Amino acid sequence: MSMSEPAVFRLHERLKADTIGLGSTSLCEIRLMNDSTWPWVLLVPAVTGIREIYQLSADQQHQLVRESSALSGAMMDVFGGDKMNVAALGNMVPQLHLHHIVRFEGDPAWPGPVWGKQAPVAYSDEELEQVRSRLAPVLTELEAGV
């Protein structure tokens, strides 16, 4: 690659293995965590070499917040949860990604964090089709630009 060619964005292998692609926005890839226990969607800014939100440009930061807020509100409307958890930990996967997890009082990890509470329960084909259908209006809005 020459100095003038921008680096090509590549999704981290762990994110690729643990999630299902749902679409993309002007900034992010939209990924569904393959764990049917919780409605759990990730936004992954398609910007090479970024580990932290502050490393994004100011415009990218604002766009990420707009997309995250729109996704959070729509997921709560669709799934009717008790709490929306949004987190950018990056301890296991250094590539910047924001988790959006709809939580329910009495879910298997409530009120604690979801990480490490139980093994992921992969979506069946039917469950995946159902969640895609429920998220379709959200995805359309995000893909159109928030």
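Predicted model: local features only at pLDDT ≥ 70, side-chain atom pairs only at ≥ 80, totals over all residues.

Reader: What distance does helix α2 reach from its first C-alpha to its last?

Author: Helix α2 comprises residues 58–79, which makes 22 residues. At 1.5 Å a residue, 32 Å would be expected. The distance in the model is close to that, at 31 Å.

Reader: Which residue follows α2, and what is its phi?

Author: Helix α2 ends at residue 79. The residue that follows is G80, with a positive phi near 60°.

Reader: Against which elements do the buried residues of α2 pack?

Author: The buried residues of this helix include L64, L71, M75 and F79. Together, the buried residues of α2 pack against β2 (28–33), β3 (40–45), β4 (83–87), β5 (98–103) and α3 (125–144).

Reader: Which residues touch the most other members of the largest nonpolar core?

Author: In soluble globular proteins, nonpolar side chains tend to be buried together. Here the largest nonpolar core has 28 residues, and β1 (19–24), β2, β3, α2, β5 and α3 each give two or more residues to this core. The residues touching the most other members are L32, V41, M75 and L135.

Reader: With which residues is L135 in contact, leaving aside its neighbours within four places in sequence?

Author: Another core, of 12 residues, lies apart from the largest one and has M33, W40, I101 and V114 among its members. With sequence neighbours within four places set aside, L135 is in contact with L22, L32, V41, M75 and F79.

Note on methods. Residues numbered from 1 in each chain as written. Heavy atoms only, no water. Helix = DSSP H or I, 4+ residues; strand = E, 2+ residues; numbered from the N terminus. Expected span 1.5 Å × (residues − 1). Buried < 20%, exposed > 50% of the residue type's maximum accessible area, 1.4 Å probe, protein only. Contact = heavy atoms within 4.5 Å. Core = buried A, V, L, I, M, F, W, Y, C linked by side-chain atoms within 4.5 Å.
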